[in-house]
Amino acid sequence: MRTQFVIAAAVCSAALLLAGCESKGPEAIPSDGATNVGSELLVPDMIPTDAATGAVNGGIANDLDMEALTERRDPERLLRYYTSAIRLGDWIDAAKAWSLDAQMSPEKLRDEFGGKAGPKIAVGKGDIAGAAGSLYYEAPIVVDFADGRPSRRGTIVLRRVNDVPGASEEQLNWRIERTSTLTQ
């Protein structure tokens, strides 16, 4: 088992090194552990698991970038966190990526994305725009299900308060405000 983990870590490290050599950024944020390198999509085929239970080693939250919840500069970091949480079926942590006003719950996310085959979520490059003391990041999103449910295409919108005096810590961090692919 330890050998498999070392091999998986080496493959991921090599992919990161190759990604650093590419002059242009990724075109999408894959949710299935894949890494874009130029026009190729590298997908690690092995995630360390417990042989007896098949559970991901180290617990679900260990695989998530929890610091993304305090991100103020890069909205895509929060999107990577969110899509990873959905891929892992970590509905509680996925719900944390949403604004309090959205009233998103772990149960709503489980009902939307749960099942035997988790969804693959691809988020394209978005645009930042400012309005009335807030910044908005809107990006295209595609949700594909392997269990026969129809794919969904739409947009996802993140928002943060643009350093307005008196804003709370929560308001200053990027949060998902809405998406057109999710039943609200």
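Modeller: Let's start with Arg175, which sits in strand 8. Keep in mind that this is a predicted model.

Biologist: Is Arg175 buried or exposed?

Modeller: Read that from relative accessibility, where anything under 20% is buried. Arg175 comes out at 7%, so it counts as buried.

Biologist: And which residues does Arg175 touch, not counting those up to four places away in sequence?

Modeller: Leaving out those neighbours shows what the rest of the chain brings to the residue. Arg175 touches Leu69, Leu78, Lys96, Ala97, Trp98, Ser99, Val157, Leu158, Arg159 and Glu170.

Biologist: How many helices and strands does the chain have?

Modeller: There are five helices and eight strands. Going from the N terminus, the order is α-β-β-β-α-α-α-β-β-β-β-α-β. For the chain as a whole, 35% of its 184 residues are buried. Among contacts with a separation of 6 or more, 49% are between residues 24 or more positions apart.

Biologist: Now the pockets. What is the volume of the second largest pocket?

Modeller: About 200 Å³. With a pocket, go on to ask who lines it and what kind of residues they are. Here the lining is Ser99, Leu100, Asp101, Arg159, Arg160, Glu170, Gln171, Asn173, Arg175 and Glu177, so our Arg175 turns up again.

Biologist: Which elements each supply at least two residues of that lining?

Modeller: Strand 7, helix 5 (169-172) and strand 8 (175-179) each do. By type, the lining residues split into six charged, three polar and one nonpolar.

Biologist: Take Arg160 from that list. Where does Arg160 lie?

Modeller: Arg160 is in strand 7. With a relative accessibility of 4%, Arg160 counts as buried. The Arg160 side chain reaches the backbone oxygen of Leu172 at 2.6 Å. A polar atom of the Arg160 side chain also lies 3.4 Å from the backbone oxygen of Arg72.

Biologist: Beyond neighbours within four places in sequence, which residues is Arg160 in contact with?

Modeller: Arg72, Ser134, Leu135, Gln171, Leu172, Asn173 and Trp174. Arg72 and Leu172 are in that list too.

Biologist: Let's do rings. How many aromatic pairs does a search of the whole structure find?

Modeller: Two. For each pair, read the distance between centres and then the angle between planes. Tyr82 and Trp98 have ring centres 6.2 Å apart and planes at 75°, so that pair is edge-to-face. Tyr82 belongs to helix 2 (residues 75-88), while Trp98 is in the loop between helix 3 (91-95) and helix 4 (106-113). The two are 16 residues apart, and the pair links distant parts of the chain. Both Tyr82 and Trp98 are buried.

Biologist: And why is the pair of Phe113 and Phe145 stacked?

Modeller: Look at the angle again. The planes of Phe113 and Phe145 are at 25°, with ring centres 6.5 Å apart, so the pair is stacked. Phe113 is in helix 4 and Phe145 is in the loop between strand 6 (134-144) and strand 7 (152-161), so the pair ties together parts that are 32 residues apart in sequence.

Biologist: Are Phe113 and Phe145 buried or exposed?

Modeller: Phe113 has 4% relative accessibility and counts as buried. Phe145, with a relative accessible area of 9%, is buried as well.

Definitions and conventions:
Residues numbered from 1 in each chain as written. Predicted model: local features only at pLDDT ≥ 70, side-chain atom pairs only at ≥ 80, totals over all residues. Heavy atoms only, no water. Phe/Tyr/Trp six-rings, centres within 6.5 Å; stacked < 30°, edge-to-face > 60°. Helix = DSSP H or I, 4+ residues; strand = E, 2+ residues; numbered from the N terminus. Buried < 20%, exposed > 50% of the residue type's maximum accessible area, 1.4 Å probe, protein only. 1 Å grid on protein atoms, 1.4 Å probe; cavity = no way out; pocket = protein on both sides within 12 Å on 5 of 7 lines; lining within 4 Å. Points joined across faces, edges and corners; volume = space filled by probe spheres on them. Nonpolar A, V, L, I, M, F, W, Y, C, P; charged D, E, K, R; others polar. Polar contact = N/O pair within 3.5 Å; in protein donor to acceptor, adjacent residues only side chain to side chain. Contact = heavy atoms within 4.5 Å.
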